[in-house]
Structure formats: structure tokens, C-alpha cells
Amino acid sequence: MTNFQTSINTDISQAVEWLQSGECIAIPTETVYGLAANALNPAAVVRIFEIKNRPAFDPLIVHVSGLEQAQRYAADFSPPLQMLAEKYWPGPLTILVPKREVVPELVTSGLPRVALRAPAHPVAQCLLQELHFPLAAPSANPFGYISPTSAQHVFDQLQGKIPYILDGGPCQVGVESTIVGFENEQVVVYRLGGLALEAIEQIVGPVRVELNQSSNPAAPGMLKSHYAPKKPLFGSGRWRLDGGQWMVDNGQLTVDGRRIGVLTFKPRTDLPEHALQISLSESGDLAEAAQNLFAALRTLDQADIDLILAESLPEKGLGRAINDRLRRAAVRE
Ligand code: TXA
Ligand code: MG
């Protein structure tokens, strides 16, 4: 694989050039950074899978500037999905629709539907409007690891593998898009994400939530751990945060002899004095917590600890998407 001198820059025209020449580059979106390439160029799309180490059965989201461009790749938009696109695009919403032939099989992993999203980030919007093709882009992280929410996160993991990272600053939403589709006359949510379930139900009424291990029925249960730090992560049920087994050893908090770091929603004052605690939001705001989630997990992953203990958040609004990421990141017992 080519070894690139990876540069980070805010120059959109340089990004356009790389993409036109069939390269993969990292681009900002309001959710997480994406690893983008021309979705209509199979050779460029293959490189995405290689760079990410991503199995070919896991399909990619195709990014478009808006509904008008989306119609070129969708064979059909059922009315509820069209209403959602009209209301929430550009934004953190991905819509699964039957694909037109022009979309390469490689992008959809041979599945009949294509995932379309119009990102709201102004830099991504500007880029998409300058291109005459849509962008296939998964999150710009090695497969299974935490998604990047800054240009530096991308650099830390993909340095040398891509020529360019288009810097759009820290991501404002912080968790991946919500994925919806339409089956048996009902809107189905396949991934909880940056657009709250409540916002979707406000437009189309009650939806079915069907969170799969894998998007591809041909590969059920293949994707065990996802969004995961390298350090083992446990939900707070494992050791009750208010339980009595805490110990301080050499100035560090330990449980059963293991050094721990704690991820909390709001700062907790009932933890032992030496606890390494990272809080997602000072004021207990769920959108702010989502924005900080992946950076916090990276910090804990790099800290001098043996394991991470993560508190659950309220199961509403963006709290659902955060809890979902924490569950998938957690060690299975
Ligand atoms: O916020 C986001 O959605 C980010 C940014 C970059 O847009 N992208 C992202 O992509 O999270 P990725 O590849 O990490 O997750 C995409 C997921 C796939 O794993 C799969 O579950 C679903 O989208 N997906 C994509 N295409 C599909 C298809 N044709 N059929 C079913 N599921 C699909
Ligand atoms: Mg991903």
C-alpha cells in the first residue's frame, strides 16, 4: 500500500483534486470524520475497505449534497422517508432506499438498498457541491475502533495511509448518524445516532427499532465489538459505582487490584478522591455528552489504567445513541 505524507489542511480545492484523481481522503462531517472516495469509482471504493481493514460485507454510506442529488441514486423514496429527508437533511440522518443500478454493488455489499446521507457540516456541503459525484464514506477509523471526531484523531490512526485530511474542526454532533429505512409499511431505525428517535417520531409517528449486530443478513453476528477502545470497558453494573470495593493503591483508584478510570455523564462527587474521572457534560446536557463521547474514550484508552468503567446515561434523546455505543464497546461477559 502506498505510503503517503499525510497533510492536514482546510483547503477544499485540494480535497476536490485528490477525490477527482481517485484517492481516499478524510473529510469532516457534523457527526464524525469520514474516509471518503468517489462512490461511483469501484477502484477508489476498494481502497476504503483496504485502508480501514473493513470486511467487504459491511456496506458504505453514500454522501450527497441533498435530496435532489439523492434521487439520482435512489430507485424509490417512500413518502415517510422523503418527509424525513425534507425535514432533517442536511443532518445526522442516513436513509436506506432501494438503489439504482449506477451505485456499484461494492458500495452496498451486494444489498438491494443504498444508504444515503446529506451531511450538514458546511465544509462537507461545500465539497459535495463542487464534485460531480457522491462520496462513499465510512467513519475514518480502523474497523471496530472508536470513530474520529477531530482531524488529529484521524491523523493518529491513518497517518501514512491517506494523502490528505480536510480539517473542519471538532465534530459538533459527535456520534454517527441515525440510520432509518422503510419495511412492511413502517419506518425502521437500524442505528441510533445523532438524530434523536423523538425527532423522527415527531414526523412519522411510532417507529420500530431494530438494532442489528450486522447490517448484512448474509453475515449475522459477525461484528461483535464495535466503537471499542483497546482497554476493556465495563458498564457500571459490573462494579456498582456506589459499591464498597474501591481501594486506593499508590495514589490510584483500584478495584480488585486493577487500576480504573471512570466515564461519567455529569461530574460525580461521590467517587474516591483519586479516581480518574472523565465527565461528558458539566451541566448534564445529552447533546454535549455526545459531542465529547469519543474524545473521552480515546483519553481513557491512553490513560495509565487497566480498565474503563462507564456510567449509563438517561435513555432519551442522544442518551440512547451514547448508551448504544457504550454497550457495543463493552466487554462481553
Ligand atoms: O455519521 C455517519 O453516518 C458517518 C459519517 C462519516 O457520515 N458514517 C458512518 O459510516 O458511520 P460507517 O461505515 O461507520 O457506518 C455505516 C453503517 C454500516 O455499518 C451499515 O450498518 C449501514 O451503515 N449501512 C450502510 N449501507 C447500508 C446498506 N446498503 N444496507 C444496510 N445497511 C447499510
Ligand atoms: Mg464506523
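**Around the ligand**

Modeller: In this predicted model, a polar side-chain atom of Arg191 lies 2.8 Å from an oxygen atom of ligand 1.

Biologist: How much of ligand 1 does the protein bury?
Modeller: The protein buries 91% of the 670 Å² that ligand 1 exposes when it is taken alone.

Biologist: And which elements give two or more residues to the shell?
Modeller: Those are strand E4 (61-63) and strand E6 (113-117), with E6 providing the largest share, four residues. The ligand is surrounded by 24 residues, of which the closest are Thr31, His63, Arg113, Ser177 and Arg191.

Biologist: Switching topic, how many aromatic pairs does the structure hold?
Modeller: It holds two. In one of them, the ring centres of Phe4 and Trp18 are 6.5 Å apart and the planes stand at 80 degrees, so this pair is edge-to-face. Because Phe4 sits in the segment before E1 while Trp18 belongs to helix H1 (residues 12-20), the pair ties together parts that are 14 residues apart in sequence.

Biologist: Are those two buried or exposed?
Modeller: Phe4 is buried, at a relative accessible area of 16%, whereas Trp18, at 28%, counts as partly exposed.

Biologist: And the other pair, what's its geometry?
Modeller: For Phe77 and Trp89 the centres are 6.4 Å apart and the planes are at 90 degrees, so that pair is edge-to-face. Phe77 is buried, with 8% relative accessible area, and Trp89 also counts as buried, at 10%.

Biologist: Last one: why is helix H7 largely enclosed?
Modeller: Six of the eight residues of H7 (residues 151-158) are buried, so the rest of the structure largely encloses this helix. The buried residues are Ala151, His153, Val154, Phe155, Gln157 and Leu158, and the elements they pack against include strand E3 (34-38), helix H2 (42-52) and helix H9 (286-302).

Biologist: What comes just after H7?
Modeller: Gly160 does, and its phi is positive, at about 90 degrees.

Terms used
Residues are numbered from 1 along each chain as its sequence is written. Chains are lettered from A and ligands numbered from 1 in the order in which they are written. This is a predicted model: local features need pLDDT of at least 70, side-chain atom pairs count only at pLDDT 80 or more; totals for chains, interfaces and linings use all residues. Side-chain values use heavy atoms; hydrogens and water are left out. Buried means under 20% relative accessible area, exposed over 50%, partly exposed in between (1.4 Å probe, protein chains only). Contact means heavy atoms within 4.5 Å. Rings of Phe, Tyr and Trp (its six-membered ring) pair if their centres lie within 6.5 Å; planes under 30 degrees apart count as stacked, over 60 as edge-to-face and the rest as tilted. A residue is near a molecule or strand if one of its heavy atoms lies within 4 Å of it. A polar contact is a pair of N or O atoms within 3.5 Å; within protein, one must be able to donate a hydrogen and the other to accept it, and residues adjacent in sequence count only if both atoms are side-chain atoms. Accessible areas come from the Shrake-Rupley method with a 1.4 Å probe; for residues, only the protein chains shown count as cover.
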